[in-house]
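Visitor: Please show me the model, and then let us go through it in questions and answers.

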Amino acid sequence: MDKRNALRAGAISATVTLMMLLSSPAMALTRDDGDDPGPGLSVAQILGLYVLIPLAAFVIIGALAGMPWGNKAKKK
């Protein structure tokens, strides 16, 4: 029974993978109506958008999380 389930799982996995590869947007050779991709991004814009902005957000969130809030002096 285990061999049958393994074959079934393999067949399903292969079918799903094949369907995903064949229906990928990279296979689209013609543009759709109303499709207007616009100009591309420069290297500086790409680095700023995908590297610097996430890094800055990480630093800001980390700094806010590490800040001491309120007065934490011990009361006697």
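**Helices and surface**

Visitor: How many helices and strands does the chain have?
Guide: This is a predicted model, where local features need pLDDT of at least 70, side-chain atom pairs count only at pLDDT 80 or more, and totals for chains, interfaces and linings use all residues. Residues are numbered from 1 along each chain as its sequence is written, and side-chain values use heavy atoms, with hydrogens and water left out. Helices (H or I, at least four residues) and strands (E, at least two) are DSSP runs, numbered from the N terminus. The chain has 2 helices and 0 strands.

Visitor: How far apart are the end C-alpha atoms of H2?
Guide: The expected span is 1.5 Å times one less than the number of residues. H2 has 24 residues and should therefore span 34 Å; in agreement, its end C-alpha atoms are apart by 33 Å.

Visitor: Is Val43 buried or exposed?
Guide: Val43 lies in helix H2, residues 43-66. Buried means under 20% relative accessible area, exposed over 50%, and partly exposed in between (1.4 Å probe, protein chains only). Because its relative accessible area is 62%, Val43 is exposed.
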